[in-house]
Structures are given as structure tokens and as C-alpha cells.
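Below is a short report on a single protein chain.

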Amino acid sequence: MLPTPRTFSHIGLSVPDLDGAVKFYTEVFGFYTIMPPTEVIEDDSDIGKMCTDVFGPGWTRLRIAHLATADRIGFELFEFDGNHAPQDNLSFRQHGTFHFAIQDPDLEGLLAKIVAAGGKQRMPVREYFPDEKPYRMVYVEDPFGIVFELYSHSYELTYSAGAYT
């Protein structure tokens, strides 16, 4: 028996400017603020112990905010002491997460908002299936160099009926 697919809960991003990231993701994408920027310190509180379990001793402090998308996916933003940008912000050959995607039928309008707010467009807007489906995509960066993708249509519609035949 095949397992039932699980739902996606949230993604966590490390940013150099938590307040700026909350502003960007709420104003550009309309994400809801569930918990505004909050400081967490390395101590014996429940959250302090949990962070030490995850990060190991010596993390000292962090700031965190919780946002949510319209479809109830969490968007967790972290600002760590000593945060630094990676040398390659699209290290696609390195194991691990290398992007996430956000969907908007007005992909070009959202792209313009991202660029106007300090983000970058990494490529031209491309059609996945010209002459078959009106599905578009583009890779972008937020103002902090985090790379992600924009889709005009849902993942299921984009890849249904054999995406690369």
C-alpha cells in the first residue's frame, strides 16, 4: 500500500535583516505575520533548550519571525548573530535545499514588485510548454540573495501529462 502524501508545513530561511525580510515578504507577497520579530536567547527556557538541541551550544541569540502564505504554509525567518552570505547563493551541486517556489497567476506583476523592492531577476521569464500551456516561470532573488522561483500555475498543472516529453 502506498503511503498517503503528507502536507508541507513551512520553510525556514536565514536572513541578515529580519525586519527588512518581514517587510519584503509581507509587502511584496502579502504573507501574513503570525509572530512578529522576536528575540530568543541561549538559556534554559523551553525555546532556548530546543534551539541548543538544533544548533548546538554557543549559538547565543537569534531573532525569529513567523509568516504564512494564503494556503497556510509557514514562512519562518531567522536572523542569527554572525550571519553571513554564502559565497555562491545558488550552489545547485551542493546537497540540500537549493530553492523554493511561489505561485502567482500575475507572474510578471509579482516579478516587477520583487525587482522594485530590491530583489533581482536571474533569467528571462520562460514558458514551459509554448503552444500547449500558458505556464510561465522565472528564477529570482530576494534583496538578501535568497534564490527562489516564481510559477504562474500550480505545480500539479505545470508537470501533469508528462512535463518533458
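R63 is buried because its relative accessible area is 17%; buried means under 20% relative accessible area, exposed over 50%, and partly exposed in between (1.4 Å probe, protein chains only). R63 belongs to strand β3. Its side chain makes a polar contact of 3.1 Å with the side chain of D19. A polar contact is a pair of N or O atoms within 3.5 Å; within protein, one must be able to donate a hydrogen and the other to accept it, and residues adjacent in sequence count only if both atoms are side-chain atoms.

This is a predicted model, in which local features need pLDDT of at least 70 and side-chain atom pairs count only at pLDDT 80 or more, while totals for chains, interfaces and linings use all residues. Residues are numbered from 1 along each chain as its sequence is written, and side-chain values use heavy atoms, with hydrogens and water left out.

## Helix α1

Helix α1 covers residues 18–29, and its 12 residues should span 16 Å at 1.5 Å a residue. The expected span is 1.5 Å times one less than the number of residues. The end C-alpha atoms are 16 Å apart, in agreement with that value. After the helix comes G30, with a positive phi near 75°.

Which residues of α1 are buried? They are L18, A21, V22, F24, Y25, V28 and F29.

A nonpolar patch on the surface is formed by I47, M50, V54 and F55, with about 350 Å² of accessible area together. Like charges are joined within 9 Å, and nonpolar side chains (Val, Leu, Ile, Met, Phe, Trp, Tyr) within 5 Å. Accessible areas come from the Shrake-Rupley method with a 1.4 Å probe; for residues, only the protein chains shown count as cover. V54 is in helix α2, residues 46–55, and counts as exposed because its relative accessibility is 56%.

## Positive phi in loops

T60 is a residue other than glycine with a positive phi, near 65°. T60 sits in the loop between α2 and β3 (61–68) and is partly exposed at 42% relative accessibility.

R72, also not a glycine, has a positive phi near 70°. R72 is in the loop between β3 and β4 (74–80) and is exposed at 75% relative accessibility.

## Strand β1 and the whole chain

H10 lies in strand β1, residues 10–14, and is partly exposed with a relative accessible area of 40%. The C-alpha atoms of H10 and E76 are separated by 7.0 Å, although the two residues are 66 apart along the chain.

The chain has four helices and nine strands. Helices (H or I, at least four residues) and strands (E, at least two) are DSSP runs, numbered from the N terminus. From the N terminus on, the order is β-α-β-α-β-β-β-α-β-β-β-β-α. Of the 165 residues, 36% are buried. The C-alpha atoms fill a box of roughly 60 × 50 × 30 Å along the principal axes.

Technical notes:
Patches are made of residues with over 30% relative accessible area and no salt bridge: like charges are joined within 9 Å, nonpolar side chains (Val, Leu, Ile, Met, Phe, Trp, Tyr) within 5 Å. A salt bridge is a side-chain nitrogen of Lys or Arg within 4 Å of a carboxyl oxygen of Asp or Glu.
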